[in-house]
Amino acid sequence: MISISIRQLTKRFGSVTALQRLDLTIGAGELFFLLGPSGCGKTTLLRSLAGFYIPEEGTVLFGDEDVTRLEPHRRNTGMMFQSYALWPHMSVAENVAFGLEERKVPAPELKRRVAEALESVRMGTFADRKPNQLSGGQQQRVALARALVIRPRCLLLDEPLSNLDAKLRLEMRAEIRRVCKEFKLTTVYVTHDQKEALSVADRMAILDGGRILQVGSPREVYRRPVGRVVADFIGETDFIPGTVAGVQGGRVAVETPLGLMEGVPGDASARLVAGAKVTLCVRPECWSLSDRQPEGNWVRGRIGEAVYLGELAQYALQVGDRLLKVIELNPRFLEKSGQGEVYARAEPEDVVVLAD
Ligand code: ATP
């Protein structure tokens, strides 16, 4: 197990700065996700770790070793990329053995390690098949075995599941987590899929414009986004503008067009003082609906469009001239759509106050 330390990393492509003085430490054995809008620098960062890109400035350390300028094949990283196809003319076992042959591992050890790697991804009985005789999910398992067999110092995954259908993705998510934890592998995983990141990551970084906006556990990032871009990128959020009325005991009272709301700061370092312009972020599932006026932190409106999805319903709640998204589990307010007014309440803990 090694930690990965990235210090002041800058990577440019002509006039485009893909990574800007980026600092990040990934713990030994951690399953770490990189997320962010298209073009934010995720792949560039991953490729810099793999050694395919040499940065203009900054360093990459694997443990204590400076690998910034080390060639890719000397870094001993296991890679699984979306486009990292298996060799069609080779059997599963030959595909997995390839990296060991390059490293001139003796035949008996090679055979044993290939068998172990295939076993670890539950593909032991498929060793003699050709890739075109496997399902998409099975091919990804072989690609994972191929990455593991070289006993990499870390695993680098770029959208490894994006070619799979929804059900297989779910299955493979769990499988990747199991394998990474079993092998105690430090893993860096790039994805566009927030659910994949929220359900599998130990921690994640949200990037934008080649910089890191926030690093934290899935819960921290989802529940306490430090800014609008993060809140908007992960999950759904309603943004409500307001002005700070007062701050007490970690709670911030905010005057909004919908009434006085209490919340908590998203970024502990932000200076929130009376009179400051802020934005409130409330997730749709944080509202609870009722017919009667609740105690504090509520808004009142009419349910407009309602979408029934079985275990939950999504509503558009018209409050004044604003539409709020509300999700109700085990829906009971469906019949109120187009009817009279209802109350929606959010716990102050679920209302995140961001400085503008
Ligand atoms: P996506 O989610 O779309 O895959 P990403 O977050 O992985 O995006 P990168 O591929 O790292 O983003 O690209 C970061 C920036 O660097 C983008 O503006 C991109 O256009 C630019 N870029 C990446 N690779 C190159 C290259 N080889 N030559 C020129 N510009 C590049």
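The structure is a predicted model, in which local features need pLDDT of at least 70 and side-chain atom pairs count only at pLDDT 80 or more, while totals for chains, interfaces and linings use all residues. Residues are numbered from 1 along each chain as its sequence is written, and side-chain values use heavy atoms, with hydrogens and water left out.

The protein chain contains nine helices and 20 strands; here helices (H or I, at least four residues) and strands (E, at least two) are DSSP runs, numbered from the N terminus. The C-alpha trace spans about 75 × 45 × 35 Å along its principal axes. Of the 356 residues, 49% count as buried, where buried means under 20% relative accessible area, exposed means over 50%, and partly exposed lies in between (1.4 Å probe, protein chains only). Contact is taken to mean heavy atoms within 4.5 Å. Among contacts with a separation of 6 or more, 66% join residues 24 or more positions apart.

Helix packing comes next. Two packed helices are described by the angle between their axes and the distance between the axes. The axes are lines fitted to C-alpha atoms, for helices over the stretch in contact, and angles run from 0 to 180 degrees between N-to-C directions. Helix α3 (residues 92-102) and helix α5 (residues 136-148) pack with their axes 8 Å apart, at an angle of about 30°. The two helices α3 and α5 are therefore roughly parallel to each other, given that angles under 35 degrees count as roughly parallel, over 145 as roughly antiparallel, 65 to 115 as roughly perpendicular and the rest as oblique. The crossing of α3 and α5 is right-handed; a crossing is right-handed if the near helix is turned clockwise from the far one by less than a right angle, and left-handed if anticlockwise. Val 92, Asn 95 and Val 96 of α3 meet Val 142, Ala 145 and Arg 146 of α5 in this contact. By class, the contact of α3 with α5 has four nonpolar residues, one polar and one charged. In this scheme Ala, Val, Leu, Ile, Met, Phe, Trp, Tyr, Cys and Pro are nonpolar, Asp, Glu, Lys and Arg are charged, and the others, Gly among them, are polar.

Asn 95, in helix α3, is buried at 0% relative accessibility. Leaving aside neighbours within four places in sequence, Asn 95 touches Leu 86, Trp 87, Met 90, Pro 131 and Arg 146. Arg 146, in helix α5, is also buried, with a relative accessible area of 13%.

Helix α5 has a further partner in helix α6 (residues 166-182): their axes come within 11 Å and cross at roughly 20°. That angle makes α5 roughly parallel to α6, and the crossing of α5 and α6 is right-handed. On the α5 side the contact includes Gly 137, Gln 140 and Arg 141, and on the α6 side it includes Leu 168, Glu 171 and Met 172. The contact of α5 with α6 has six nonpolar, two polar and three charged residues.

Turning to the strands, two strands pair if DSSP finds at least two bridges between them. An open sheet of five strands runs in the order β15-β19-β16-β17-β18, with antiparallel pairing. Its edge strands, β15 (288-290) and β18 (322-329), each pair on one side only. Neighbouring strands of this sheet are turned by 45° against each other on average, direction ignored. Strand β17 (residues 312-319) joins β18 through eight bridges in the antiparallel sense, and Leu 312 stands opposite Leu 329 in β18.

Elsewhere, strand β11 (residues 238-248) pairs with strand β14 (residues 277-282) in the antiparallel sense over six bridges, with Gly 242 bridged to Val 278 in β14. β11 also pairs with strand β12 (residues 251-256), antiparallel and over five bridges, and Val 247 has Val 252 of β12 as its bridge partner. The hairpin of β11 and β12 has two residues between the strands, and Gly 249 there takes a positive phi near 55°.

Arg 122, with a phi of about 60°, lies in the loop between α4 (107-120) and α5 and is exposed, with a relative accessible area of 53%. Asn 297, with phi near 55°, sits in the loop between β15 and β16 (298-308), but is buried, with a relative accessible area of 9%.
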